[in-house]
Amino acid sequence: MQAFTAMTGLVAPLDRVNVDTDQIIPKQFLKTIKRTGLREGLFYDWRKQKDGSQDPTFFLNQPQFQGATILLTRDNFGCGSSREHAPWALLDQGFRCVIASSFADIFYNNCFQNGILPVVLKADEVLAMMNDCLATPGYRLTVDLGNQTVTTPDGVRSCFEIDPFRKDCLFRGLDAIGLTLQHEASITTYETRRRTEAPWLFTDLRYDQGGAR
Amino acid sequence: MAAQTLFDKIWDSHVVRAEPDGTTLLYIDRQLVHEVTSPQAFEGLKLSGRRPRRPGATLAVPDHNVPTTDRTVAIADPLSAKQIQTLEENCRDFDITLFDMNDIRQGVVHVIGPEQGFTLPGTTIVCGDSHTSTHGAFGALAFGIGTSEVEHVLATQCLVQKRPKTMEVRIEGTLSNFCSAKDIILAIIGKIGTAGGTGYVIEYTGSAIRALSMEGRMTLCNMSIEGGARAGMVAPDETTIAYIKGRPLAPKGELFEQAVNAWRQLKTDANATYDMTVTMRAEDIAPQVSWGTNPGMVTGIDQRVPDPRTIADENQRQATTRALEYMGLLPNIPMTDIKIDTVFIGSCTNSRIEDLRLAANLAKGKRVATGVRAMVVPGSGLVKQQAEQEGLDRLFKEAGFEWREAGCSMCLAMNADVLQPGERCASTSNRNFEGRQGAGGRTHLVSPAMAVAAAIEGHFVDIRTWK
């Protein structure tokens, strides 16, 4: 996973609440067996007008937001389906950071698995940035994970909270599975104890009598 | 020991190690796998040279992409076919049990887990699917994860987690005639909103919950995620134990007795507290119909479509206006005036035998309205088989419903079962997001009983007074 330390980037505004992962990437793009190449499906239905042509008012179709690396949006971003294709598509489009007033749990978690920093700011801070972004061509923000700050072009600095463990993993680009496997001995100890306490949880589903095979 | 909630008991018994900051390595007893969210996880294992830690703790099934028509014919969509074939190859390579498309036990992942006795009280269960919350109906801690975490659980049988908060949703009283678990959960989401449960695990309590069958509890817990909660749960009781007993993967003999003794301890202690409590009276819950583009945009059948002009909050007003525009609805019209052209009875929310029995008996001797296409998609091959043994398929077909093979089908329309732009569907599924059932399609979430009545009349009706 790519590490995230600090970045300054062009901001794309998505001024909507409750953006669900079905909108971020519709179902027809979930048939892939790869993590890459999902940019084509990002906000697919919202990019088009009723007649199928590109909607010139949608930010992804506007030249001034090409090359954006920070997505700015509102409450409850990423609700609904657990599809990790949503952060994959955002990443494929070039987004490394999503700033919102709140996120849905699964999407928030999925971002960290892919080197994307999800930043939660207060609703009034997001609103102010949204207004400035919509009014200012080339609006850029600086996001500093180490110091947990977002800084506007005017120098206004907002602080954000982040879980220390997640921060560390993202900051250093650590392999989450590798980290867990360092605790292999603890897992084995747990399993040994648990096997005595609750042996019915350790029947092998592959060979269980009357079971699957 | 301090008084504990059901959640506390399950969480604590699964802690492998906890860091001082609360970061916990949580043991995962079981994982369900389907074709859409697993290929990249298996690819990750291959690339890193890792093997599943306990292949015998995992069960795989294709459900999202499978056709609900004749299974002897090859899948028309090459991408769907490839994804299903990839699941088969991965299960073979990693020695994981698979119920393939032609197996009678194939079905929607959240239907087959409970049906097989895979889902047990007190366990931690995950799946790369947000509706994994369904399994909480058995007093399990069950939640959806992304594909990277699917790989993580395959490789380590663990997940790194922070302890969520707990929310009690207490429903006391008796439901009105023909009101169901679906109406309870839609009413709850209408009350707390789609983000109301974010960061929480819900425990459903109260006399109305105790009175629900296992099917009803699954419907309830299934939609916890639509209220933002990753998991919802109901404490196991004699209803739970009776349901599990004798299922293929459930413990047998002495092991079963031992398990039952443990399961009887799985309830919230009298003095335990939750971080938040929401209460409702069952009598106050009318049959629910969603009018908007998220499951929180819902109201009683005896109400009207909301009027954005009366909404004070600007965000709410804008969202409502946008939703009504997408849904093609005018403000203030009675919900019973909304005409539909499609009916979908199915999905991990409402496709179990009890749902089909109720729906078939309501359809008995009636006819689907002219111009309405109505389809029934059983949750699994075994549900389908049982329904056919009971003659339910005949009742549906005589009334003009299509009777199909098991799968996710029009709940998310990844297969060929898709709404056309502008079509309006009464659906027993769980999401009414824009385009969920097909680009431009319009979804109204309802219970199976409400869906049947809408199919027969061509518009929504109040099932409580429907003749």
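Figure 1. Nine salt bridges are counted between chain A and chain B, a salt bridge being a side-chain nitrogen of Lys or Arg within 4 Å of a carboxyl oxygen of Asp or Glu. One of the salt bridges links A:Glu191 with B:Arg53, whose closest N and O atoms are 2.9 Å apart. Residue pairs in polar contact between chain A and chain B, with both residues at pLDDT 80 or more, number 39; a polar contact is a pair of N or O atoms within 3.5 Å, where within protein one must be able to donate a hydrogen and the other to accept it, and residues adjacent in sequence count only if both atoms are side-chain atoms. The largest share of the side of chain A that touches chain B, ten residues, comes from helix H8 of chain A. By class, that side of chain A has 21 nonpolar, 22 polar and 23 charged residues, with Ala, Val, Leu, Ile, Met, Phe, Trp, Tyr, Cys and Pro counted as nonpolar, Asp, Glu, Lys and Arg as charged, and the others, Gly among them, as polar.

The model is predicted, so that local features need pLDDT of at least 70 and side-chain atom pairs count only at pLDDT 80 or more, whereas totals for chains, interfaces and linings use all residues. Residues are numbered from 1 along each chain as its sequence is written, chains are lettered from A and ligands numbered from 1 in the order in which they are written, and side-chain values use heavy atoms, with hydrogens and water left out.

**Figure 2. Extent of the interface between chain A and chain B.** In this view 66 residues of chain A are in contact (heavy atoms within 4.5 Å) with 88 residues of chain B. The area buried between the two chains, that is, the accessible area (1.4 Å probe) lost on putting them together, summed over both, is about 6200 Å², of which carbon and sulfur atoms give 52%. Of the area that chain A buries against chain B, 14% is supplied by A:Lys31, A:Trp200 and A:Leu205, more than by any other three residues.

Figure 3. A:Arg206 is found in the segment after helix H8 (184–197) of chain A, helices being DSSP runs (H or I) of at least four residues, numbered from the N terminus. With a relative accessible area of 10%, A:Arg206 is buried, a term for values under 20%, whereas exposed means over 50% and partly exposed in between (1.4 Å probe, protein chains only). The side chain of A:Arg206 is joined to that of A:Asp204 by a polar contact of 2.7 Å, and to that of B:Asp95, in the other chain, by a polar contact of 2.4 Å.

**Figure 4. The loop position of A:Gly41.** A:Gly41 lies in the loop between H1 and H2 of chain A and is buried, with a relative accessible area of 0%. Neighbours within four places in sequence aside, A:Gly41 is in contact with A:Ile24, A:Ile25, A:Pro26 and A:Phe29.

**Figure 5. B:Glu457 in helix H15 of chain B.** B:Glu457 belongs to helix H15 (residues 448–457) of chain B and is partly exposed, with a relative accessible area of 34%. When residues up to four places away in sequence are not counted, B:Glu457 touches B:Ala369 and B:Trp466. The C-alpha atoms of B:Glu457 and B:Val368 are separated by 7.3 Å, although the two residues are 89 residues apart along the chain.

Note on methods:
Helices (H or I, at least four residues) and strands (E, at least two) are DSSP runs, numbered from the N terminus.
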